[in-house]
Amino acid sequence: MDTAGKVIKCKAAVAWEPNKPMVIEEIEVAPPQANEVRVKIVATSVCHSDLYHLYEGMHKDGFPVVLGHEAAGIVESVGPGVTEFTPGDKVMPVFLAQCRDCHLCKSPKTNQCMKAWTEVSKDSLTGVDSRLSCKGKKILLFAGTGTFSEYTVIKQNRVAKIHPDAPLDKVCPLSCGICTGYGSAVNVAKVEEGSSCAVFGLGAVGLAAVMGCKAAGAKRIIAVDTNPEKFDKAKIFGATDFVNPKDHSKPIHEVLVEMTNGGVDFSLECVGSPAVVESALHSTIPAWGVCVIVGFNQVQKFSALPTDFTTGRSMKGALFGGFKSKDGLTEMVQRYMDKKIMVDEFITHNMGLDQIMEAVDLMKAAKCVRAVLTPSPQ
């Protein structure tokens with residue numbers, strides 16, 4: 001492309017400081033350096049993790065920043081050392097690195113990568129380097145991706161090549177929320193055929209977890225949320241029972257234990273709340289129950305007793321649904337193309353980048369599952 005090797009001026013939503021609205025600014029995007037890819041972002045969706053960084057995490061070293069990590073786009077140019085991608089490729093960024101060379105990447109036991117938290121700060125959740133600038137200041141990239149922009153520059157180990165016919169405005173939610181929920185049920189919990197499951201929280205991640213439980217053959221899938229308006233959507237993805245904690249005077253885990261003759265086989269916490277983690281844990285059957293923590297929270301703690309586990313119950317954590325990030329994302333896009341998973345059903349709003357704060361408000365008010373923004377229409 002004729003922009004290769006040049007600085008690109010474009011629009012981006014910049015969060016200058018925590019707990020303040022993002023502002024549409026003209027930014028400068030420098031050419032990619034070694035092992036980097038510059039991507040034209042065609043579509044990006046708003047995930048709760050973006051809101052978490054802006055309104056809850058609020059780490060002092062995490063601003064100014066371009067948020068956004070669920071996205072799909074087209075490679076504009078590549079830096080030295082990049083052999084996997086060429087200009088024109090359809091790609092999706094992913095917040096979790098996969099270098100394929102380290103001992104973690106080579107192990108089937110984990111989807112972690114040694115470079116995951118060296119290129120992105122585990123504290124501020126932003127990339128340690130950035131090619132974006134505005135008004136003379138470096139602009140950080142949330143999760144090393146920064147997709148609320150018309151262009152961004154990402155390490156090649158955080159970019160996945162996808163099917164050339166994939167509709168970019170449809171598949172973008174796969175690069176975080178859907179893979180996270182679906183994989184947490186299938187890959188991490190390893191939900192079994194004929195089992196009972198409880199999914200706490202019915203945002204995009206929770207709905208994807210419901211879809212994963214159904215795909216794994218669960219017989220009973222109990223959807224738990226304080227907003228009953230979400231239950232019809234959960235039914236589409238496979239939920240069989242619906243529980244609103246506000247309808248009960250007793251702790252919700254006691255309700256679920258009574259409903260399932262001792263507790264569910266599998267529970268998935270998709271909220272990011274320590275209190276909900278405890279409820280999810282105690283809703284599982286003590287003899288063999290498996291509780292998976294899916295929701296993200298690095299600010300608050302939860303408590304448990306050794307006797308919560310000594311009878312056979314276990315607890316796991318999930319990041320990106322246990323998928324090897326680049327490989328798993330490519331695989332999930334193919335599943336969508338083969339009509340084996342639902343994705344379109346997650347998208348409730350389509351908006352422009354200049355409507356970013358409207359999209360944020362919709363998510364804060366639980367009025368959308370996924371709002372897809374189009375910074376650079378294809």
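Okay, let's start inside: Phe-237 and Phe-346 are both buried. Before I go on, keep in mind that this is a predicted model.

So how are the rings of Phe-237 and Phe-346 arranged? Their centres are 4.5 Å apart and the planes make an angle of 40 degrees, so we call this pair tilted.

Now, how many aromatic pairs does the structure hold? There are 4. Another one is Phe-95 with Phe-320: here the ring centres are 5.7 Å apart and the planes stand at 85 degrees, so this pair is edge-to-face. Where are these two in the chain? You'll find Phe-95 in the loop between strand 6 (90-93) and strand 7 (132-134), and Phe-320 in the loop between strand 16 (314-317) and helix 8 (325-337).

Buried or exposed? Phe-95 has 14% relative accessibility, so it counts as buried. Phe-320 is buried too, with a relative accessible area of 1%.

One more ring for you: Tyr-55. Which residue lies over its face? That's Lys-364, at 4.3 Å from the ring centre of Tyr-55.

Most residues other than glycine have a negative phi, and most peptide bonds are trans. Here are some exceptions.

First up, the bond joining Phe-63 and Pro-64 is cis, with omega about -5 degrees. Pro-64 is in the loop between helix 1 (48-57) and strand 4 (65-66).

Then there's Asn-35, which isn't a glycine but has a positive phi, near 65 degrees. Look for Asn-35 in the loop between strand 2 (23-29) and strand 3 (36-45). Its relative accessibility is 35%, so Asn-35 counts as partly exposed.

Lys-339 also has a positive phi, about 60 degrees, and again it's not a glycine. Lys-339 is in the loop between helix 8 and strand 17. At 75% relative accessibility, Lys-339 counts as exposed.

How values were computed:
Residues numbered from 1 in each chain as written. Predicted model: local features only at pLDDT ≥ 70, side-chain atom pairs only at ≥ 80, totals over all residues. Heavy atoms only, no water. Phe/Tyr/Trp six-rings, centres within 6.5 Å; stacked < 30°, edge-to-face > 60°. Helix = DSSP H or I, 4+ residues; strand = E, 2+ residues; numbered from the N terminus. Buried < 20%, exposed > 50% of the residue type's maximum accessible area, 1.4 Å probe, protein only. Lys NZ or Arg CZ within 6 Å of the ring centre and 35° of its normal.
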